[in-house]
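Welcome! Let us take a friendly tour of one protein chain, with its sequence and its structure side by side.

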Amino acid sequence: MKKTLVLSSIIAMLGLLPTAQGTGTLVWDMSFTGTSNFPNTQNVVIKGTDDAPYGSLVSSFGGGSVADGVYDSNNTRLTLTDNSSPLSMCNSFSFVVKASLNGEGSSMWSVLFGLGENNDENLKINYKKDSNPGWGFTTEGYTVSDSTYTPGTVVQGKEQTFIVTVDAGANDGTAQTGTALLTLYLNGEAVATATLASANRTDEKLDTFTLGGRPFSSDVNQTAEFSNVQLYQGVLSAEQIAALSVPEPAAASLSLAGLALLALRRRRPQQ
């Protein structure tokens with residue numbers, strides 16, 4: 001009876017683990033492989049839906065290195081170009097970046113990653129280092145308003161999850177007449193918001209993504225280690241954001257299974 005109760009409790013705990021449910025649909029998933037001080041496309045693995053290869057995303061390293069499934073930008077950047085992207089700033093989408101910061105950079109506002117359209121517009125995620133520092137949005141070619149952010153310090157040497165969601169509203173994918181809401185999540189918590197005006201949103205392809213810096217410029221780079229990047233069509237649900245911001249479910253399940261076995265072992269009658 002005791003074993004049955006313990007197993008029932010463990011099953012109940014497993015049922016409480018976050019699951020990826022919601023409106024976000026994966027477009028592509030990028031990770032790193034191999035070891036190289038001069039990384040190239042051979043060091044990038046890109047998959048689309050159903051775990052199939054995603055062939056239209058092309059990577060271009062400005063430097064750095066790859067080892068143990070991690071790209072170290074080393075004050076340079078990696079540029080990803082997707083001329084077949086199904087998205088633009090007229091769409092709702094979500095961008096997920098797993099990164100560990102290794103340096104704050106020499107710039108006042110060094111850029112961790114960015115998204116761009118057609119070599120003109122540029123949405124950047126960076127850390128503001130003024131008297132009230134914190135993570136937020138900055139732009140080139142776009143106009144944002146109603147910006148808010150939560151002050152806080154940079155955490156160094158620990159992998160963190162950055163998620164940008166762009167909510168384009170009901171007229172998703174067409175010429176926009178309203179505004180879009182930008183939200184930045186850090187480890188599952190909303191830390192910054194901004195409103196993107198319709199006049200600055202285009203139907204051009206969302207075709208450029210950068211890690212360690214901003215699109216279309218090699219200035220103000222951020223030294224960091226990147227392990228995974230994902231692009232989703234649609235705004236991620238609260239459940240998806242929570243699931244993407246915690247350790248892999250498999251690892252969490254193994255930990256709980258270990259606890260279950262330990263509990264059962266301790267409850268065995270002594271011989």
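## Salt bridges

This is a predicted model, and it holds two salt bridges. Side chains of opposite charge can pair when their charged atoms come close. One of the bridges joins the side chains of Asp51 and Lys47, with 3.6 Å from N to O. How open to the outside are the two partners? Asp51 counts as exposed, because its relative accessibility is 54% and the cut-off for exposed is over 50%. Lys47 has a relative accessible area of 33%, so this residue is partly exposed.

The other bridge to find is between the side chains of Glu140 and Lys124, again listed at 3.6 Å from N to O. Glu140 belongs to strand β10 and Lys124 to strand β9 (residues 121-128), so this pair ties together parts that are 16 residues apart in sequence. Is Lys124 buried or exposed? Lys124 counts as buried, because its relative accessibility is 9% and buried means under 20%.

Which residue does the side chain of Thr138 touch through a polar contact? The partner is the side chain of Asn126, and the contact is 3.2 Å. Thr138 has a relative accessible area of 12%, so this residue is buried.

## Aromatic rings

Now look for the ring-bearing side chains. How many aromatic pairs are there? The count comes to 10. One of them is formed by Trp28 and Phe95, an edge-to-face pair with 6.2 Å between the ring centres and 75° between the planes. This pair links distant parts of the chain: Trp28 sits in strand β1 (residues 25-32) and Phe95 in strand β7 (residues 93-101), 67 residues apart. Trp28 counts as buried because its relative accessibility is 0%, and Phe95 counts as buried because its value is 0%.

Trp28 also forms an edge-to-face pair with Phe209, at 5.4 Å centre to centre and 80° between the planes. Here the link runs from Trp28 in strand β1 to Phe209 in strand β15 (residues 206-211), and the two residues are 181 residues apart. Both Trp28 and Phe209 are buried. If you trace the ring pairs onward, they link Trp28, Phe95, Phe113, Tyr127, Trp135, Phe162 and Phe209 into a cluster.

## A cavity

Next comes the empty space. Rolling a probe the size of a water molecule over the atoms shows where empty space is left. A search of the whole structure finds one cavity of 30 Å³ or more. About 40 Å³ of space lies in the largest cavity.

Which residues line the largest cavity? They are Lys128, Gly136, Phe137, Ser147, Thr148, Tyr149, Ala192 and Thr193. The elements giving two or more residues to this lining are β10, β11 (144-149) and β14 (189-196). Strand β11 gives the most, with three residues. Sorted by class, the lining has three nonpolar, four polar and one charged residues.

## Looking back

Conventions. Residues are numbered from 1 along each chain as its sequence is written. This is a predicted model: local features need pLDDT of at least 70, side-chain atom pairs count only at pLDDT 80 or more; totals for chains, interfaces and linings use all residues. Side-chain values use heavy atoms; hydrogens and water are left out. Buried means under 20% relative accessible area, exposed over 50%, partly exposed in between (1.4 Å probe, protein chains only). A polar contact is a pair of N or O atoms within 3.5 Å; within protein, one must be able to donate a hydrogen and the other to accept it, and residues adjacent in sequence count only if both atoms are side-chain atoms. Rings of Phe, Tyr and Trp (its six-membered ring) pair if their centres lie within 6.5 Å; planes under 30 degrees apart count as stacked, over 60 as edge-to-face and the rest as tilted. Helices (H or I, at least four residues) and strands (E, at least two) are DSSP runs, numbered from the N terminus. On a 1 Å grid over the protein atoms alone, a cavity is a set of points where a 1.4 Å probe fits but cannot get out, and a pocket is an open set with protein on both sides within 12 Å along at least five of seven lines; lining residues have an atom within 4 Å of a point. Grid points are joined across faces, edges and corners, and a volume is the space filled by probe spheres set on the points. Ala, Val, Leu, Ile, Met, Phe, Trp, Tyr, Cys and Pro count as nonpolar, Asp, Glu, Lys and Arg as charged, and the others, Gly among them, as polar. A salt bridge is a side-chain nitrogen of Lys or Arg within 4 Å of a carboxyl oxygen of Asp or Glu.
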